[in-house]
Amino acid sequence: MEREILAGSLASSFTATLFSPLELVKTRLQVQEAPGQPRLYAGLLSAFRTIAAEEGARALWTHGFAAFVARDFLYSGLRIGLYPSVREALSGRARGDASFGHKLAAGAFTGALGASVATPLDVVRVRMSVEGGRVDARGVLLTGMRKGRRRRWSSSVHCFFDTLRAEGVVRGLWRGVGATMSRAALLSAGQLSSYDQSKVVLQRNGWLEDGKVLHLVGGVISGLVATTCCNPADVLKSRIMSVRATTGDSSVTAFAVARNIFEREGALGFMRGWTAAYARAGPAFFIQMPVVEALRHWLGVGSL
(Lines give C-alpha, C1' and ligand atoms only; values in the text may rest on other atoms or scores of the structure.)
Protein backbone atom coordinates (compact mmCIF):
# COMPACT_ATOMS: atom_id res chain seq x y z
CA MET A 1 0.00 0.00 0.00
CA GLU A 2 2.89 2.36 0.73
CA ARG A 3 4.17 1.96 -2.82
CA GLU A 4 0.70 2.68 -4.21
CA ILE A 5 0.50 5.89 -2.19
CA LEU A 6 4.02 6.86 -3.27
CA ALA A 7 3.12 6.41 -6.94
CA GLY A 8 0.11 8.71 -6.53
CA SER A 9 2.12 11.28 -4.59
CA LEU A 10 4.99 11.50 -7.07
CA ALA A 11 2.71 11.69 -10.10
CA SER A 12 0.51 14.35 -8.50
CA SER A 13 3.47 16.50 -7.43
CA PHE A 14 4.81 16.37 -10.98
CA THR A 15 1.53 17.53 -12.54
CA ALA A 16 1.02 20.13 -9.79
CA THR A 17 4.38 21.66 -10.69
CA LEU A 18 3.48 21.79 -14.37
CA PHE A 19 0.02 23.27 -13.90
CA SER A 20 0.51 25.56 -10.92
CA PRO A 21 -0.22 28.70 -13.03
CA LEU A 22 -3.67 27.37 -13.95
CA GLU A 23 -4.42 26.60 -10.31
CA LEU A 24 -3.49 30.17 -9.36
CA VAL A 25 -5.68 31.65 -12.10
CA LYS A 26 -8.61 29.36 -11.29
CA THR A 27 -8.48 30.31 -7.61
CA ARG A 28 -8.37 34.04 -8.31
CA LEU A 29 -11.27 33.82 -10.78
CA GLN A 30 -13.36 32.06 -8.16
CA VAL A 31 -12.39 34.30 -5.25
CA GLN A 32 -12.85 37.61 -7.08
CA GLU A 33 -16.63 37.07 -7.18
CA ALA A 34 -16.88 37.09 -3.38
CA PRO A 35 -18.26 40.23 -1.67
CA GLY A 36 -15.55 42.81 -1.03
CA GLN A 37 -13.16 41.47 -3.64
CA PRO A 38 -12.10 43.58 -6.64
CA ARG A 39 -13.03 42.16 -10.04
CA LEU A 40 -9.70 42.27 -11.85
CA TYR A 41 -10.03 39.56 -14.48
CA ALA A 42 -12.59 39.10 -17.27
CA GLY A 43 -11.71 35.45 -17.78
CA LEU A 44 -8.93 32.89 -18.14
CA LEU A 45 -6.81 34.68 -20.74
CA SER A 46 -7.39 38.06 -19.12
CA ALA A 47 -6.13 36.69 -15.80
CA PHE A 48 -3.00 35.24 -17.36
CA ARG A 49 -2.22 38.46 -19.21
CA THR A 50 -2.86 40.69 -16.20
CA ILE A 51 -0.85 38.62 -13.73
CA ALA A 52 2.07 38.21 -16.13
CA ALA A 53 2.09 41.93 -16.99
CA GLU A 54 1.69 43.26 -13.44
CA GLU A 55 3.52 40.66 -11.39
CA GLY A 56 5.79 38.95 -13.89
CA ALA A 57 5.53 35.51 -15.47
CA ARG A 58 7.45 34.02 -12.54
CA ALA A 59 4.55 34.94 -10.25
CA LEU A 60 2.43 32.28 -11.93
CA TRP A 61 4.66 29.67 -10.27
CA THR A 62 5.38 31.40 -6.96
CA HIS A 63 2.08 32.48 -5.40
CA GLY A 64 0.98 29.52 -3.28
CA PHE A 65 3.24 27.13 -5.20
CA ALA A 66 4.91 25.38 -2.24
CA ALA A 67 1.60 24.74 -0.47
CA PHE A 68 -0.02 23.57 -3.71
CA VAL A 69 2.65 20.97 -4.49
CA ALA A 70 2.83 19.79 -0.86
CA ARG A 71 -0.95 19.55 -0.72
CA ASP A 72 -1.13 17.45 -3.90
CA PHE A 73 1.67 15.19 -2.68
CA LEU A 74 -0.32 14.38 0.45
CA TYR A 75 -3.91 14.63 -0.83
CA SER A 76 -3.60 12.87 -4.17
CA GLY A 77 -1.14 10.34 -2.85
CA LEU A 78 -3.79 9.16 -0.40
CA ARG A 79 -6.81 9.37 -2.70
CA ILE A 80 -5.17 7.63 -5.67
CA GLY A 81 -2.98 5.27 -3.69
CA LEU A 82 -5.76 3.97 -1.45
CA TYR A 83 -8.40 3.75 -4.18
CA PRO A 84 -7.70 0.14 -5.35
CA SER A 85 -7.67 -1.20 -1.78
CA VAL A 86 -10.91 0.59 -0.82
CA ARG A 87 -12.60 -0.46 -4.09
CA GLU A 88 -11.79 -4.10 -3.46
CA ALA A 89 -12.76 -3.87 0.22
CA LEU A 90 -16.17 -2.44 -0.71
CA SER A 91 -16.88 -4.80 -3.60
CA GLY A 92 -15.15 -7.93 -2.39
CA ARG A 93 -14.17 -8.51 -6.01
CA ALA A 94 -11.12 -8.29 -8.23
CA ARG A 95 -10.34 -5.06 -10.10
CA GLY A 96 -12.27 -5.72 -13.29
CA ASP A 97 -15.39 -7.08 -11.57
CA ALA A 98 -16.21 -4.24 -9.17
CA SER A 99 -19.44 -2.38 -9.93
CA PHE A 100 -19.48 1.26 -10.99
CA GLY A 101 -21.25 2.12 -7.72
CA HIS A 102 -18.42 0.60 -5.72
CA LYS A 103 -15.93 2.59 -7.78
CA LEU A 104 -17.84 5.81 -7.12
CA ALA A 105 -17.96 5.09 -3.40
CA ALA A 106 -14.26 4.21 -3.26
CA GLY A 107 -13.27 7.40 -5.08
CA ALA A 108 -15.49 9.55 -2.86
CA PHE A 109 -14.13 7.99 0.33
CA THR A 110 -10.45 8.28 -0.55
CA GLY A 111 -10.94 11.82 -1.89
CA ALA A 112 -12.64 12.97 1.30
CA LEU A 113 -10.00 11.27 3.45
CA GLY A 114 -7.10 12.84 1.55
CA ALA A 115 -8.71 16.27 1.66
CA SER A 116 -9.40 16.08 5.39
CA VAL A 117 -5.69 15.48 6.04
CA ALA A 118 -4.42 18.08 3.55
CA THR A 119 -6.88 20.93 4.31
CA PRO A 120 -4.31 23.12 6.13
CA LEU A 121 -2.12 23.15 3.03
CA ASP A 122 -5.15 24.00 0.91
CA VAL A 123 -6.01 26.93 3.19
CA VAL A 124 -2.46 28.24 2.80
CA ARG A 125 -2.58 27.74 -0.99
CA VAL A 126 -5.76 29.79 -1.40
CA ARG A 127 -4.57 32.59 0.87
CA MET A 128 -1.16 32.85 -0.77
CA SER A 129 -2.79 32.87 -4.23
CA VAL A 130 -4.90 35.87 -3.19
CA GLU A 131 -1.99 37.54 -1.39
CA GLY A 132 0.32 37.61 -4.41
CA GLY A 133 1.57 40.77 -6.10
CA ARG A 134 4.51 43.14 -6.40
CA VAL A 135 5.42 45.08 -3.27
CA ASP A 136 7.19 48.39 -2.65
CA ALA A 137 9.95 49.07 -0.14
CA ARG A 138 7.38 49.40 2.65
CA GLY A 139 5.89 45.99 1.93
CA VAL A 140 2.68 47.43 0.43
CA LEU A 141 1.20 45.52 -2.51
CA LEU A 142 1.27 47.48 -5.76
CA THR A 143 -0.67 44.91 -7.80
CA GLY A 144 -2.97 41.94 -7.32
CA MET A 145 -6.18 41.31 -5.42
CA ARG A 146 -4.98 43.15 -2.28
CA LYS A 147 -3.45 46.15 -4.03
CA GLY A 148 -2.79 49.05 -1.67
CA ARG A 149 -2.61 46.89 1.45
CA ARG A 150 0.41 45.58 3.31
CA ARG A 151 1.55 42.05 2.50
CA ARG A 152 0.80 39.82 5.47
CA TRP A 153 2.83 36.70 4.70
CA SER A 154 6.27 36.34 3.16
CA SER A 155 5.94 32.63 2.38
CA SER A 156 3.63 29.63 2.65
CA VAL A 157 5.40 28.56 5.86
CA HIS A 158 4.86 32.03 7.34
CA CYS A 159 1.18 31.90 6.34
CA PHE A 160 0.76 28.45 7.92
CA PHE A 161 2.13 29.40 11.32
CA ASP A 162 0.52 32.85 11.35
CA THR A 163 -2.87 31.28 10.61
CA LEU A 164 -2.30 28.72 13.36
CA ARG A 165 -1.35 31.45 15.85
CA ALA A 166 -4.09 33.93 14.95
CA GLU A 167 -7.02 31.63 14.17
CA GLY A 168 -6.21 28.26 15.69
CA VAL A 169 -6.58 24.77 14.30
CA VAL A 170 -10.30 24.46 13.62
CA ARG A 171 -11.21 28.02 12.58
CA GLY A 172 -7.89 28.58 10.85
CA LEU A 173 -5.99 25.65 9.38
CA TRP A 174 -9.05 23.42 8.97
CA ARG A 175 -11.25 26.30 7.83
CA GLY A 176 -13.76 25.15 5.22
CA VAL A 177 -12.88 21.48 5.73
CA GLY A 178 -16.47 20.40 5.01
CA ALA A 179 -16.51 22.15 1.63
CA THR A 180 -13.00 20.90 0.89
CA MET A 181 -13.94 17.30 1.63
CA SER A 182 -17.15 17.61 -0.41
CA ARG A 183 -15.23 18.98 -3.37
CA ALA A 184 -12.56 16.28 -3.06
CA ALA A 185 -15.14 13.51 -2.77
CA LEU A 186 -16.87 14.71 -5.93
CA LEU A 187 -13.63 15.14 -7.86
CA SER A 188 -12.14 11.83 -6.80
CA ALA A 189 -15.37 9.90 -7.34
CA GLY A 190 -15.77 11.46 -10.79
CA GLN A 191 -12.15 11.10 -11.83
CA LEU A 192 -11.20 7.69 -10.50
CA SER A 193 -14.49 5.91 -11.19
CA SER A 194 -14.75 7.26 -14.76
CA TYR A 195 -11.08 6.46 -15.42
CA ASP A 196 -11.46 2.97 -14.00
CA GLN A 197 -14.77 2.27 -15.78
CA SER A 198 -13.65 3.67 -19.13
CA LYS A 199 -10.63 1.35 -19.09
CA VAL A 200 -12.84 -1.66 -18.36
CA VAL A 201 -15.37 -0.77 -21.10
CA LEU A 202 -12.73 -0.02 -23.72
CA GLN A 203 -10.91 -3.27 -23.01
CA ARG A 204 -13.99 -5.51 -22.82
CA ASN A 205 -15.26 -4.20 -26.15
CA GLY A 206 -11.89 -4.83 -27.75
CA TRP A 207 -11.37 -1.17 -28.68
CA LEU A 208 -8.10 -0.75 -26.80
CA GLU A 209 -5.64 -2.96 -24.98
CA ASP A 210 -4.07 -2.12 -21.65
CA GLY A 211 -1.24 0.29 -22.28
CA LYS A 212 -0.30 3.93 -22.74
CA VAL A 213 -3.05 4.78 -25.25
CA LEU A 214 -5.73 3.34 -22.97
CA HIS A 215 -4.35 5.30 -20.02
CA LEU A 216 -4.34 8.53 -22.05
CA VAL A 217 -7.93 8.08 -23.27
CA GLY A 218 -9.08 7.24 -19.76
CA GLY A 219 -7.31 10.36 -18.48
CA VAL A 220 -9.13 12.59 -20.97
CA ILE A 221 -12.54 11.16 -20.04
CA SER A 222 -11.87 11.41 -16.33
CA GLY A 223 -10.76 15.04 -16.62
CA LEU A 224 -14.05 16.14 -18.17
CA VAL A 225 -16.14 14.22 -15.65
CA ALA A 226 -14.15 15.30 -12.59
CA THR A 227 -14.05 19.00 -13.47
CA THR A 228 -17.80 19.22 -13.95
CA CYS A 229 -18.60 17.22 -10.82
CA CYS A 230 -16.44 19.19 -8.43
CA ASN A 231 -16.61 22.78 -9.70
CA PRO A 232 -19.54 23.90 -7.47
CA ALA A 233 -17.80 22.64 -4.33
CA ASP A 234 -14.51 24.11 -5.58
CA VAL A 235 -16.07 27.58 -5.87
CA LEU A 236 -17.63 27.26 -2.43
CA LYS A 237 -14.38 26.10 -0.88
CA SER A 238 -12.33 28.97 -2.34
CA ARG A 239 -14.88 31.57 -1.21
CA ILE A 240 -15.00 30.20 2.35
CA MET A 241 -11.22 30.05 2.69
CA SER A 242 -10.79 33.66 1.54
CA VAL A 243 -13.61 35.19 3.60
CA ARG A 244 -11.52 35.87 6.70
CA ALA A 245 -9.07 37.92 4.67
CA THR A 246 -11.82 40.02 3.03
CA THR A 247 -14.42 40.52 5.77
CA GLY A 248 -12.79 39.40 9.01
CA ASP A 249 -15.87 37.25 9.73
CA SER A 250 -14.82 33.84 11.04
CA SER A 251 -18.38 32.61 11.65
CA VAL A 252 -19.56 32.47 8.04
CA THR A 253 -21.08 29.10 7.06
CA ALA A 254 -20.97 27.12 3.84
CA PHE A 255 -24.74 27.50 3.53
CA ALA A 256 -24.53 31.30 3.82
CA VAL A 257 -21.82 31.47 1.18
CA ALA A 258 -23.75 29.14 -1.16
CA ARG A 259 -26.93 31.20 -0.74
CA ASN A 260 -25.02 34.40 -1.47
CA ILE A 261 -23.58 32.90 -4.65
CA PHE A 262 -26.99 31.74 -5.85
CA GLU A 263 -28.70 35.05 -5.07
CA ARG A 264 -26.00 37.21 -6.65
CA GLU A 265 -24.92 35.08 -9.59
CA GLY A 266 -27.52 32.35 -10.11
CA ALA A 267 -26.79 28.66 -10.61
CA LEU A 268 -24.03 29.46 -13.10
CA GLY A 269 -22.13 31.16 -10.29
CA PHE A 270 -21.19 27.70 -9.05
CA MET A 271 -19.45 27.05 -12.37
CA ARG A 272 -17.15 30.08 -12.08
CA GLY A 273 -13.65 29.21 -13.20
CA TRP A 274 -14.75 26.01 -15.01
CA THR A 275 -12.65 26.84 -18.07
CA ALA A 276 -9.58 27.50 -15.94
CA ALA A 277 -10.35 24.42 -13.84
CA TYR A 278 -10.59 22.19 -16.91
CA ALA A 279 -7.57 23.85 -18.52
CA ARG A 280 -5.70 22.71 -15.45
CA ALA A 281 -7.50 19.43 -14.65
CA GLY A 282 -7.98 18.13 -18.19
CA PRO A 283 -4.30 18.18 -19.22
CA ALA A 284 -3.25 17.34 -15.65
CA PHE A 285 -5.30 14.14 -15.60
CA PHE A 286 -4.25 13.42 -19.19
CA ILE A 287 -0.65 13.40 -17.92
CA GLN A 288 -1.19 12.35 -14.31
CA MET A 289 -2.91 9.02 -14.83
CA PRO A 290 -0.39 7.58 -17.33
CA VAL A 291 2.40 8.73 -14.98
CA VAL A 292 0.60 7.04 -12.06
CA GLU A 293 0.30 3.83 -14.08
CA ALA A 294 3.98 3.97 -15.12
CA LEU A 295 5.10 4.53 -11.51
CA ARG A 296 2.86 1.74 -10.26
CA HIS A 297 4.38 -0.61 -12.83
CA TRP A 298 7.89 0.52 -11.87
CA LEU A 299 7.12 0.00 -8.18
CA GLY A 300 5.64 -3.44 -8.91
CA VAL A 301 2.04 -2.89 -7.79
CA GLY A 302 0.20 -3.39 -11.09
CA SER A 303 -2.35 -1.31 -12.96
CA LEU A 304 -4.85 0.94 -11.17
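Mentor: A word on terms before we begin: the helices are DSSP runs of H or I with at least four residues, numbered from the N terminus, and please keep in mind that this is a predicted model.

Trainee: Which residues line the second largest cavity?
Mentor: Its lining is made up of S20, E23, L24, H63, G64, F65, F68, R125 and S129, and by class that comes to three nonpolar, four polar and two charged residues.

Trainee: And which helix gives the most to that lining?
Mentor: That is α2, with three residues, although α2 (20-31), α4 (65-91) and α5 (100-131) each supply at least two.

Trainee: Switching to the surface, which residues form the nonpolar patch there?
Mentor: The patch is formed by V213, L216, V217, V220, I221, L224, V225 and F286, which together have about 550 Å² of accessible area; helix α9, residues 212-247, gives the most to this patch, with seven residues.

Trainee: Where is V213 placed, then?
Mentor: V213 sits in helix α9.

Trainee: And is V213 buried or exposed?
Mentor: V213 is exposed, because its relative accessible area is 51% and the cut-off for calling a residue exposed is over 50%.

How values were computed. Residues numbered from 1 in each chain as written. Predicted model: local features only at pLDDT ≥ 70, side-chain atom pairs only at ≥ 80, totals over all residues. Heavy atoms only, no water. 1 Å grid on protein atoms, 1.4 Å probe; cavity = no way out; pocket = protein on both sides within 12 Å on 5 of 7 lines; lining within 4 Å. Nonpolar A, V, L, I, M, F, W, Y, C, P; charged D, E, K, R; others polar. Patch = residues over 30% accessible without salt bridge, like charges linked within 9 Å, V, L, I, M, F, W, Y side chains within 5 Å. Areas by Shrake-Rupley, 256 points an atom, 1.4 Å probe, with all protein chains shown as cover. Salt bridge = Lys/Arg side-chain N within 4 Å of Asp/Glu carboxyl O. Buried < 20%, exposed > 50% of the residue type's maximum accessible area, 1.4 Å probe, protein only.
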